Amino acid sequence: MSLETTRSIVFINDLKLLLHSQISYSVSEEVDKGTVVGNLAKDLNIQTQQLEERGFRIVSGYSKKYFEANLRTGALFVNERIDREELCPNLPKCSLNIEGLLNHPMNIYRIEVIIIDINDNAPIFLEQTHVFNISESSSSGERYPLPMAQDADTGKDADIGSNSVKTYKLSQNDYFSLDVQSGGDHGVSAELVLQKALDREKQPVIKLILTAVDGGKPVRSGTLQINVNVLDVNDNTPIFSKSLYKVRVRENMAHGAVVIKLNATDLDEGMNSKIVYSLIKRGNTDPSNIFDLNSETGEITVKGTLDYEETPAYEVRVQAMDQGTFPRSAHAKLLIEIIDVNDNAPEISVTSLMTPVKEDAELGTIVALVTVSDKDGGNNGVTNCKVVGSVPFKLKSNYKNDYSLVVDGPLDRENTSLYNVTITATDEGSPPLSSIRVITVHVSDVNDNAPRFMEPVINVYVKENSPVGSVIYTINAFDPDLDGNAKLAYKLSDSSSKNIPISSMVNINSDTGDIVSLQSFNYEEIKTFQFKVQATDSGVPPLSSNVTVNVLILDENDNNPTILAPYSEHGSVNSENIPYSAEAGYFVAKIRAVDADSGYNALLSYHLSEPKGNNLFRIGTSTGEIRTKRRMSDNDLKTHPLVVLVSDNGEPSLSATVSIDVVVVESTADIQTQFRHVPIKEESFSDLNLYLLIAIVSVSVIFLLSLISLIAVKCHRTDGSFSRYSAPMITTHPDGSWSYSKSTQQYDVCFSSDTLKSDVVVFPAPFPPVDAELISINGGDTFTRTQTLPNKEKVGYLC
């Protein structure tokens, strides 16, 4: 089988170097699979190795993939059986339009493959026998239309000829000849021509063989049996006013509308001149399905639906027959041309190339190929295509009615992850018709967003002595990206300000962001520390961000009060003497104690726990001073053992006790100092004096530092991340005590009215969890709290 290849190449460049070309090949139908149609690499001037490297592929809109490309050789070969009669029935030219796509950059090549018809179908008649009733009085030269043969082969080529019916042949006989007529695009027809008068008495029936021959190689043919019945005597035939009628009608003509009125006459009289009109069925076309002919008037009206796109013209054979005993008939040809109206909306077909589209796609990136077609002709078939609405896409014309949908603006998946792109196609008919096609374009994610924290600094409050392994806080970051680009991993960075590795204090779960303590914190050793947490996504390349975490340790009541000298000395005998004549309110002793905790946990109160029901002595709950409640009486004991309970204000409260024996003496001469029962040491400078000296010096230093700090804070207040609380406050009380409160430290400075036993007791306060509180001790042995407004910061607590 011969294979012919023709080539015509057209190049069109666009702004993105998108190269389009059109190549024409031809191949015969029914060739074997694998038959080479042409060399694409050679005809497109592309190196064969580029075909595979740039992903060359063949795309088409047909149900079967008739052609495929060999990427190694560049050859275009047949991939499916090709049947021209199936693809292009009744069409003189048959071609398949496919497209070759080449990536990086994207090139589109239009390829037209013309399917050459082979003579694989013989002509056939729709009936096996056809009968003519012809009067013996028929004159020589009368014509009788013969049935047309049908041939499925319709291809034409200048070199091959026509595979359809080319001519007719009639078997040898004495009465009839054959007149073959070429109708151009309407095919070949034949008429039976009477050559001499018939004689029924000699031969009443004449049998003929009509052979239809096509123009293929090899030649194929089909036959029809013709029986001519010779009738007797009606010697005038009807005559049409025209042998050829032509009329033009619009395809939207209503049913029942008159197309044309035929007119035929007969010179005979009576029934021999009465004419009946009828339509003649020729081949596989039955005009009675489309048109209705009034047999008496000859008026033809529309019966079916006229469609210019299916049949642009109808060739109808009409017969006029008289009603004689042996009827005679005449025939005429009616050519009905259909005028196109704009009754077909454009059709939009889409071949998707790349979906989803990356959100960082460059301008001009091809998303889909769009083809617009309209079945109408003329201006009714001219279309205009565009994208409707505000979307970052546009249509770019490629070739005639072929378009590319390309990116025309920036894409951001976090704002819009899906676009419904509406494409409208409108023809130029009157009125114009349009159609709409919606293309759904998905936008895929790229890693273009770093993780985000809700705040730049996070304050976490943790109670001291919390168990190791506790989750003190959970870090949460958000990444607006998708999937792996939004999967976050957390890690710690930076060291504590005290040069202690942060990895020894806390750890973080890289997946959940849970911050876990690696040690139990002691407020008395460390009050605050700081570190940073970094959140990193899993994108390529990964993006990260940091957040500063301030951990503030909250004090717990974990220290008992400690009794100070002289009553705290181990092994000492604690006793005090008072005169029998002591008045109510007589000063007996003063108990001093301190607490390593701070705040309320270090705020101490003093109580007499033994003896029960004591009505002789009282103790100041805040000062620790033991005084008499009344004068002595003869019924009172000489020695009074007292147990003093010192309790803090923590929850639960912790306490310490000290025992003192109060001895009543008869005269004031017997009263010695409160240290007389302490064993006297030989050193000239006793331990008691040392304790007093240390206490006085300490109190003085603390008092001076407090005043200096107060003045400094008053003059210049800092706004550090750990000191954003209320201003310091100092209050005085009737009993001579002072209270000093600052956001981070609080001190109670208490002075006794007794000069001999005056001292200063300082209570450090804890870091306030939310708001600062001022604790002041008044003269009535009660305490009050003064609160200041809290700072509104993001904080976390471990309870």
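**Core and surface of a predicted model**

Modeller: In this predicted model, Leu-40, Phe-67 and Leu-76 touch the most other members of the largest nonpolar core, which has 27 residues.

Biologist: What makes a set of residues a nonpolar core?

Modeller: Its members are buried Ala, Val, Leu, Ile, Met, Phe, Trp, Tyr and Cys residues joined through side-chain atoms within 4.5 Å. Strands E2 (19–28) and E8 (107–116) and helix H1 (40–43) are among the elements giving two or more residues to this core, and E8 provides the largest share, four residues. Helices (H or I, at least four residues) and strands (E, at least two) are DSSP runs, numbered from the N terminus.

Biologist: How do you know which residues Leu-76 touches?

Modeller: Contact means heavy atoms within 4.5 Å. Leaving out residues up to four places away in sequence, Leu-76 touches Tyr-25, Leu-40, Phe-67 and Ile-111, among others.

Biologist: Why is Leu-705 called partly exposed?

Modeller: Its relative accessible area is 49%. Buried means under 20%, exposed over 50%, and partly exposed in between (1.4 Å probe, protein chains only). Leu-705 is therefore partly exposed. Leu-705 lies in helix H4 (residues 687–715).

Biologist: How much of the chain is buried?

Modeller: Of its 799 residues, 45% count as buried. The chain has four helices and 58 strands.

Biologist: On what basis are these values given?

Modeller: Residues are numbered from 1 along each chain as its sequence is written, and side-chain values use heavy atoms, without hydrogens and water. Local features need pLDDT of at least 70 and side-chain atom pairs count only at pLDDT 80 or more, while totals for chains, interfaces and linings use all residues.
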